[in-house]
Each structure stands twice: as structure tokens, then as C-alpha cells.
Amino acid sequence: MTDPAPPDAAATPNDDLFVLCSENPPTEARLYGYAYDNVDIILGNDGYRTFRAETGRDLSFGEDGSYVLVRPGPEGMEIGTDFNGHGPLFLYRDGPYWAVSNSFHDLARHVSARGRPLTLDLTQLGGFAIQTGLGSQLASSRTLYREIRFVPARMVLRLGPGGISEIPRPPYAGLPNLPQTYEAALAAYLRLWVGRMATLLRSDTRLVCDLSGGLDSRTVLAMLLMAGRLTGQTDLAGTYLNSNSSLKADYETAQHLMGELGLSNAGLKNPLNRVK
């Protein structure tokens, strides 16, 4: 385990993990994670700088992806996430002192190293005894420590002279232009996500596509196959098809589909054995 980081930002082996605090608040825009802009994919802060330089535009909060975005706002620096909050955001408060991170572990370690209080919330700790998925994830904005709370994706943190505050995320700017019928919305969705899959296929990224006998995974595979046609990768050679061999019917269906679709060059990956 590395030593605690300085107050301005906790350095970690993963550049997408951060801690920001009131002792040295952020002064410039930065992206942690990845975001989508139409069919383009913006990876990390280097990609964010390139995107801004080449387009003259900025990213917004509440877009597709998995990110935390720090950017100037009308009344001070603002910190927010993607639409669903896949890029998590945790806020620590102790009087006027505050700290923000996308890692609960790093945030707790950061404030503890500085002698800041952390009060265990026993009711939240007891939730881990629930033997279902509910017990292994946050069910509210409360966390294991009373001073740390999860910031909902619909909220944005604003840094101002009075400290840090939460404001509602601005409405989606493209709302008036959304398709008005189901058919138009479905067509727009398919064009967008097939285009994004094509972008990934053109890169050196290894894609993993879950494949079972269900309609959901078959739909995703159909979209991926269309992206393959657009990029000339009809055999999806750079893609892993993920199917669990312990689920015999699903695994047999996956093998059958691979044969019928001519995907013999794609890797059929078992989560345990990685069978190719």
C-alpha cells in the first residue's frame, strides 16, 4: 500500500482514481473515466484535452459513459458524473472541510491520514449481512461512514466561496430534439450504438460480448455483427464471446450461434477457463 497522497489529489496506480479537497481545490477542467460524444469515445483526460482542442466544445454532465467530470461553471468549478452515475462520486464533510473522490476506499484513507473523523454507521454495516445483491451494494446515499455520502447522479457539486454545495444537474440540452415515436427512437438508438461499437472495433480494444440463449444477448450480438460489417470485421476476430459453460443450455446455444454465424475466429471465453 502506498503512502497517503498530498492534500490536492491522492495519486493512485490508476490515473482515473482521484481525491480532491478544500485544502487545494481544482482549478482546471479534467475528465476521469470515459465519455461518449455521438459515436466518438473520449478516453481519460488526454482524450478530453484532445476533444476540446479539436472540436472547440466541452463535455456535459449526464452524458453516456462512465466518468466524473470537473469543469468550470457559471458560479465556480463543478463536479458531476455521467447519466447513470457509473462513475461514482463520494463526498466527505467535516465542518467547512470537504473532500471528493470516485473511490470510497481512497477517500476514507485520505481523510483518516489527515486526522479527520470517520464515524462508523452500524446500520449500514449491518446491511452486508443481507445474503442477496441488495446487501452487496449501496441502497441509498448513506455509506459505512456518517461523514461520507454517495452523491446521486442527478446532482452536481459546485465549489464556491461558501464551500461545496449540491445543485440539480442541468436538464439534457438535446431533449427537444429527441425522436417522438417509438420507431424513430429505436432507429436512432441502433444507429448510435452500432456506430459506437464500430468505433471500438476500429481501435485496439478487446471487446467482450456476453452470449447466451436470451434475447438480450442475441440483440447485442446482432448489433455487434452490424458494426463488424461497417468495419470489415465480419468474423469479429478481435472479440471475445463470453458464455458460462456451467450453464449447459446457454453454452451450447452460444457454440451453435458461433457456428451458424461463422464466428469460429472469435474467442468463446468461459469466465473460469477462458476457452478459445
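A residue counts as exposed when its relative accessible area is over 50%, as buried when that area is under 20%, and as partly exposed in between. By this criterion Arg-146, with a relative accessible area of 56%, is exposed. The structure discussed here is a predicted model. Its protein chain has 276 residues, of which 38% count as buried, and its secondary structure comes to six helices and 13 strands.

**Overall chain**

- The accessible surface of the protein chain is about 15700 Å², and carbon and sulfur atoms contribute 54% of this area.
- Among contacts in the protein chain with a separation of 6 or more, 55% are made by residues 24 or more positions apart.

**The six-stranded sheet**

- Six strands are arranged as an open sheet in the order β3-β2-β4-β5-β9-β10, with antiparallel pairing.
- Ile-79 has Leu-157 in β9 as its bridge partner.
- Helix α1 (residues 44-55) lies across β2 (30-37), β3 and β4 (65-73), and runs at about 125 degrees to β3.

**The four-stranded sheet**

- A further open sheet is formed by four strands in the order β1-β7-β6-β8, and its pairing is antiparallel.
- Strands β1 (19-21) and β8 (148-150) are the edge strands, each pairing on one side only.
- The twist of this sheet averages 20 degrees from one strand to the next.
- Strand β6 (residues 90-94) and strand β7 (residues 97-101) run antiparallel and are joined by five bridges.
- Leu-91 stands opposite Val-100 in β7.
- Helix α2 (residues 104-113) lies across β1, β6, β7 and β8, at about 150 degrees to β7.

**Salt bridges**

- The structure contains ten salt bridges.
- One of these joins the side chains of Arg-142 and Asp-121, with an N to O distance of 2.9 Å.
- This pair links distant parts of the chain, 21 residues apart: Arg-142 is in the loop between α3 and β8, and Asp-121 is in the loop between α2 and α3.
- Asp-121 has a relative accessible area of 2% and is therefore buried, whereas Arg-142, at 40%, is partly exposed.
- Asp-121 also meets the side chain of Arg-146 in a salt bridge, at 3.8 Å from N to O.
- Because Arg-146 lies in the loop between α3 and β8 and Asp-121 in the loop between α2 and α3, this pair ties together parts that are 25 residues apart in sequence.
- Arg-149 forms a salt bridge with Glu-166, in which the closest N and O atoms are 2.5 Å apart.
- Arg-149 lies in strand β8 and Glu-166 in strand β10, so the pair ties together parts that are 17 residues apart in sequence.
- Arg-149 is partly exposed, with a relative accessible area of 27%, and Glu-166 is likewise partly exposed, with a relative accessible area of 27%.

**Nonpolar surface patch**

- A nonpolar patch on the surface is formed by Leu-120, Leu-122, Leu-125 and Phe-128, which together have about 390 Å² of accessible area.
- Leu-122, a member of this patch, is found in helix α3 (residues 122-126).
- The relative accessibility of Leu-122 is 59%, so this residue counts as exposed.

- Ser-217 is located in helix α5 (residues 215-231).
- With a relative accessibility of 10%, Ser-217 counts as buried, because the cut-off for a buried residue is under 20%.
- Leaving aside residues up to four places away in sequence, Ser-217 touches Asp-210, Leu-211 and Ser-212.

Notes
Residues are numbered from 1 along each chain as its sequence is written. This is a predicted model: local features need pLDDT of at least 70, side-chain atom pairs count only at pLDDT 80 or more; totals for chains, interfaces and linings use all residues. Side-chain values use heavy atoms; hydrogens and water are left out. Patches are made of residues with over 30% relative accessible area and no salt bridge: like charges are joined within 9 Å, nonpolar side chains (Val, Leu, Ile, Met, Phe, Trp, Tyr) within 5 Å. Accessible areas come from the Shrake-Rupley method with a 1.4 Å probe; for residues, only the protein chains shown count as cover. A salt bridge is a side-chain nitrogen of Lys or Arg within 4 Å of a carboxyl oxygen of Asp or Glu. Helices (H or I, at least four residues) and strands (E, at least two) are DSSP runs, numbered from the N terminus. Buried means under 20% relative accessible area, exposed over 50%, partly exposed in between (1.4 Å probe, protein chains only). Contact means heavy atoms within 4.5 Å. Two strands pair if DSSP finds at least two bridges between them. Axes are lines fitted to C-alpha atoms, for helices over the stretch in contact, and angles run from 0 to 180 degrees between N-to-C directions.
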